[in-house]
Number of protein chains: 2
Amino acid sequence: MMSERITPLTRSLLVEQLVRDVPDFPTPGILFKDITPVLANFEAMREVFGHFYTFGREMKPDVVVGIESRGFVLGMPLSQELGVGFVPVRKPGKLPYTTIREEYTLEYGTNALEMHIDAIEAGMRVLIIDDLLATGGTASAACRLVERLGGEVCGLSFMIELGFLHGRKRIEGRAVQSLVTYP
Amino acid sequence: MMSERITPLTRSLLVEQLVRDVPDFPTPGILFKDITPVLANFEAMREVFGHFYTFGREMKPDVVVGIESRGFVLGMPLSQELGVGFVPVRKPGKLPYTTIREEYTLEYGTNALEMHIDAIEAGMRVLIIDDLLATGGTASAACRLVERLGGEVCGLSFMIELGFLHGRKRIEGRAVQSLVTYP
């Protein structure tokens, strides 16, 4: 079941137990993975961050980038543990200063992501984090934003991966960690 | 005391130095306090969380509630430090499961906040966190959501307070921490 993507060392049993399936959200036919029961459980989140910290220490980033908005919940603890800063990637119009933008398609629609133009310095190693790897649209857009500013994406961390949407293909060749994969 | 609002012990000098003023965002005439330079600075965030942890330990919450979306960045590290869970309060339509809703007015418009109906258990002590106390509209709406579910708001933490908007009046009588106040 774990395919080669998840090793016992990184798999999170508590996450698997606590994630709640919500049918027809945000649109009919989508089975949404609700992580709020995981966030509400201190022990589960301690386990989750333990896995993120281990991977993060290996990747040696200079900065952690979190994708709006569940990536915000996960990114700041990781950046503090690793002793680096945190940079938000946001939906259009949310960041107040001058931004760059990348469009993407996602599981249910299209959208864009923005990053402040001074958020990353050239040559910085960047670890990107979000709750979910689905089609890989947001993840690849975040990679493009980082690389346009001269940063190097040294890894990507996710709590959940929807394997059947093949998001890995859009971030092929990169170091990717996911704690639970639904094949 | 800050009169009594800010003591030297809780005031964050690094935050004051790093916050960036962005004029006319999100609408003309608003001087937006951009905290992304603070988030990007590891030392500043370590200082910020030090203050949040001290107040949080005094308040002894059973759960931390973070308000979308900059409250997400601040809330999870606090909840992990205090050994409790994290609950998101979100804009309408974002939470997938059954929600309750409270309307509010804010500095530049009107909106509503939602919380999952099972997010708080009756009798829980709840610490609410957000980046900014402005008019107090979001903060008081978050308090009402918590109290509708039977929770007790034991305190509220903010990185920045815009004193001239008098948000304190809408959360009068509650324990409130803010690290920087613009009078």
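A few ground rules come before the details. Residues are numbered from 1 along each chain as its sequence is written, while chains are lettered from A and ligands numbered from 1 in the order in which they are written. Since the model is predicted, local features need pLDDT of at least 70 and side-chain atom pairs count only at pLDDT 80 or more, with totals for chains, interfaces and linings using all residues; side-chain values rest on heavy atoms, with hydrogens and water left out.

## Chain A as a whole

Chain A carries 5 helices and 9 strands, where helices (H or I, at least four residues) and strands (E, at least two) are DSSP runs numbered from the N terminus. Going along the sequence, the pattern is α-β-β-α-α-β-α-β-β-β-β-α-β-β.

How does the radius of gyration of chain A fit a compact globule? For 183 residues the globule value would be near 16 Å, and chain A comes in at 15 Å, so the two agree. That radius is taken over C-alpha atoms, and the globule rule is 2.2 Å times the number of residues to the power 0.38. The C-alpha trace spans about 40 × 35 × 30 Å along its principal axes.

Of the 183 residues in chain A, 57% count as buried. Buried means under 20% relative accessible area, exposed means over 50%, and partly exposed covers what lies in between (1.4 Å probe, protein chains only). Chain A exposes about 7400 Å², with carbon and sulfur atoms supplying 52% of that area; the areas come from the Shrake-Rupley method with a 1.4 Å probe, and for residues only the protein chains shown count as cover.

Contacts here mean heavy atoms within 4.5 Å. Among the chain A contacts between residues at least 6 apart in sequence, 60% join residues at least 24 apart.

On the charge side, chain A has 19 positive and 23 negative charges, and their mean positions are 1 Å apart. Lys and Arg count as positive, Asp and Glu as negative, with His and the chain ends not counted; each charge is placed at NZ of Lys, CZ of Arg, CG of Asp or CD of Glu.

## Where chain A touches chain B

Thr36(A) sits in helix H2 (residues 36-39) of chain A and counts as buried at 12% relative accessibility. Setting aside residues up to four places away in sequence, Thr36(A) touches Arg20(A) plus Pro88(B), Leu95(B) and His116(B).

Arg20(A) belongs to strand S1 (residues 20-23) of chain A and is buried too, at 16% relative accessibility. With the sequence neighbours excluded up to four places away, its partners include Phe32(A), Asp34(A), Tyr97(B), His116(B) and Asp118(B).

From the other chain, Gln80(B) lies in helix H4 (residues 70-82) of chain B and is buried at 18% relative accessibility. Beyond its neighbours within four places in sequence, Gln80(B) contacts Phe42(A), Met45(A), Arg46(A) and Phe49(A). Within chain B, Gln80(B) and Val64(B) are 16 residues apart in sequence and 9.3 Å apart in space, C-alpha to C-alpha.

For an exposed residue, take Lys169(B), at 59% relative accessibility. Lys169(B) is in the loop between strand S8 (152-162) and strand S9 (176-182) of chain B.

## Cysteines

How many disulfides are there over all chains? The count is 0, with a disulfide taken as a pair of cysteine sulfur atoms within 2.5 Å. For Cys143(A), the nearest cysteine sulfur is that of Cys154(A), 10 Å away. Cys143(A) is buried, at 1% relative accessibility. Likewise, Cys154(B) is in no disulfide, and the nearest cysteine sulfur, that of Cys143(B), is 10 Å away. Cys154(B) is buried as well, with a relative accessible area of 8%.

Most residues other than glycine have a negative phi, and most peptide bonds are trans. These entries go the other way:

| Site | Feature | Value |
|---|---|---|
| Glu68(A) to Ser69(A) | cis peptide bond | omega near -15° |
| Phe25(B) to Pro26(B) | cis peptide bond | omega about 0° |
| Lys60(A) | positive phi | phi near 50° |
| Asp24(B) | positive phi | phi near 60° |

As for where they sit, Ser69(A) is in the loop between strand S3 (63-67) and helix H4 (70-82) of chain A. Lys60(A) is in the loop between helix H3 (42-59) and S3 of chain A, and is exposed at 59% relative accessibility. Pro26(B) falls in the loop between strand S1 (20-23) and strand S2 (31-34) of chain B, and Asp24(B) is in the loop between S1 and S2 of chain B.
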